[in-house]
Amino acid sequence: MQLEKTYAVFWGCQIPARIINIEAAARRVIANFKINLQEIDGASCCPDPVVCALLDREVWVGLAARNIALAENLGLDMMTVCNGCYETLFEANHLLKEDEELRKQVNEVLTPLGKKFMGKIEVKHVVEVLHDDIGIKMIKDAASKPLSNLNVALHPGCHLFRSKTPYDATRKPEMFEAIVRATGANIVPYNLEKMCCGYPNRLASEEVSLKEMLVTKLEKVIEVNADCIVLTCPACDLQFEYGQIELKRKYNLDYKVPVIHVLELIALSMGINHKEFGLENHRIPVSKILEKVR
Amino acid sequence: MSSEEQIEETLHKDLREYIVKVSKPRQNRLNLMIAKEGVQQAIRLLVEDYDARMATISAVDKGLDIELIYHMSVKGVIINVKTEIPKEEPKVNTITNIVSGANWIEREITDLFGVIFEGHPDPRRLVLTFEWPKEQTPLKGPIQGVVTPYQKPTVEALLSQGQLFPILSVTKKQRTELKLPEAPPTTLVNAEALDDVQKVAKTVKFDEKVGFDWKKKKLRYG
């Protein structure tokens with residue numbers, strides 16, 4: 001295997017603090033494909049693309065530019081593992097490269113801190129790195145334990161549709177699908193793949209988020225007999241997992257659909273022991289998945 | 001130099017430490033935003049040096065603060081001296097000792113907005129009855145800002161720690177078990193980086209916009 005590339009990795013807030021199994025799986029999978037991950041010293045929240053971006057555009061783009069500038073100083077393209085961070089950093093990077101006046105304003109804020117946005121790097125989602133740098137063939141070749149007994153429902157997450165042009169919006173969700181296929185898992189369509197999990201709506205109305213949105217998706221996933229949901233976003237992960245717990249606690253609605261991140265799925269297909277990356281840390285038991293991948 | 005420009009120059013010179021912003025919305029009109037500590041000095045300067053006449057004082061509930069506007073007239077030029085009084089501690093010095101006509105206006109503002117004019121010679125009720133409950137101020141609403149309750153945790157975490165979630169000791173232990181570093185090198189473990197983030201927020205005045213109390217590391221409301 002010849003591949004040797006280094007990315008400045010942006011973990012975001014949720015993964016290192018709340019879903020460490022995704023980080024553990026990411027580190028093992030990516031290293032296996034000879035891609036190095038360089039930590040970004042001093043990174044902050046991306047910042048959040050829903051609350052912060054809507055509340056104040058200036059602070060949102062300023063802090064995003066600071067994070068990108070840190071990666072630029074390392075001379076590395078940035079890789080995000082979180083869809084929300086991808087939305088913010090990709091969007092800010094694109095805006096700042098295109099808009100000279102905005103770039104000037106932001107650099108006036110960053111200069112006293114000894115930092116500067118130069119517009120020299122790309123921001124990539126881990127799905128792009130897996131698909132474009134590593135490649136489907138290599139993921140397939142590395143799948144020493146193809147997951148052919150596992151039926152999965154895909155949930156790409158809204159932010160994965162973020163692109164420079166509307167014509168390009170389905171590129172990454174299609175990559176995600178190809179990656180899942182390369183693990184040997186069977187994708188079962190349920191027709192609501194593009195529907196939001198309800199996580200952002202939770203901030204406005206928890207009841208609508210859980211009973212209207214999450215339940216609608218879960219019912220469809222159960223209807224097609226999927227063993228689990230595969231996703232790419234930590235916020236969606238929390239919504240599916242904590243959401244199911246809250247549905248039981250608050251509304252006595254009993255769902256136990258396991259949820260797994262695409263990086264965990266690849267790790268399983270590569271024969272990496274699930275204990276090595278803490279698969280059992282998921283709030284919804286993953287025993288159904290483990291039975292099918294033995 | 002017009003009289004307006006002359007006054008502006010003097011105000012800048014004498015009130016430099018208190019001035020927040022000066023703007024000229026149109027001819028013969030000057031808006032001067034100053035810290036509340038500078039109100040007496042500003043009014044004294046305008047009255048004693050420029051023979052200003054005070055028309056009235058307006059009070060406006062701005063959500064987080066009460067804005068007081070002292071409408072001063074100097075030879076056809078209207079100067080609005082504005083200051084913001086935090087609702088948590090609604091106190092400002094009286095100007096009755098400089099403009100005796102401010103006496104009843106300040107009493108009315110105290111009744112309706114709860115602003116205490118310190119040093120007022122006769123702070124009795126004026127427009128409300130004497131039995132009116134002291135804590136009820138008819139024209140002052142509860143303290144509120146632009147951040148809704150559901151946005152609050154995100155804003156407070158971002159400004160106080162630079163990240164939305166802390167890494168708890170139990171998580172650190174789990175991370176070590178999975179052979180992960182105890183924590184990634186983010187603002188949670190890098191004080192200098194957190195300082196940078198807070199400076200960005202202050203430079204773009206995000207902290208003022210959302211009403212963040214840096215001492216308490218919390219929003220002033222909600």
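Predicted model: local features only at pLDDT ≥ 70, side-chain atom pairs only at ≥ 80, totals over all residues.
**View 1. Strand S2 of chain B and its two faces.** Strand S2 of chain B covers residues 29-34, and its side chains alternate along the run.

**View 2. The hairpin of strands S1 and S2 in chain B.** Strand S1 of chain B, residues 19-23, runs antiparallel to S2(B), and 4 bridges join the two strands. Within this pairing, B:Lys21 stands opposite B:Met33 of S2(B). There are 5 residues between the two strands of this hairpin, and in the turn B:Asn28 has a positive phi of about 65 degrees.

**View 3. Strands S2 and S5 of chain B.** Strand S2 of chain B is also joined by 5 bridges to strand S5 of chain B, residues 77-86, and these two strands run parallel.

**View 4. The side of chain B that touches chain A.** The contact takes 32 residues from chain B and 32 residues from chain A. On the chain B side, the elements that give two or more residues are helices H4 (152-161), H5 (169-177), H6 (191-203) and H7 (206-210). Helix H6 of chain B gives the most, with 7 residues. By class, this side of chain B has 18 nonpolar, 10 polar and 4 charged residues.

Technical notes:
Residues numbered from 1 in each chain as written. Chains lettered and ligands numbered in written order. Buried ≥ 20, exposed ≤ 12 C-beta atoms within 10 Å, placed from the backbone. Pairing = 2+ DSSP bridges. Contact = placed C-beta atoms within 7 Å. Nonpolar A, V, L, I, M, F, W, Y, C, P; charged D, E, K, R; others polar.
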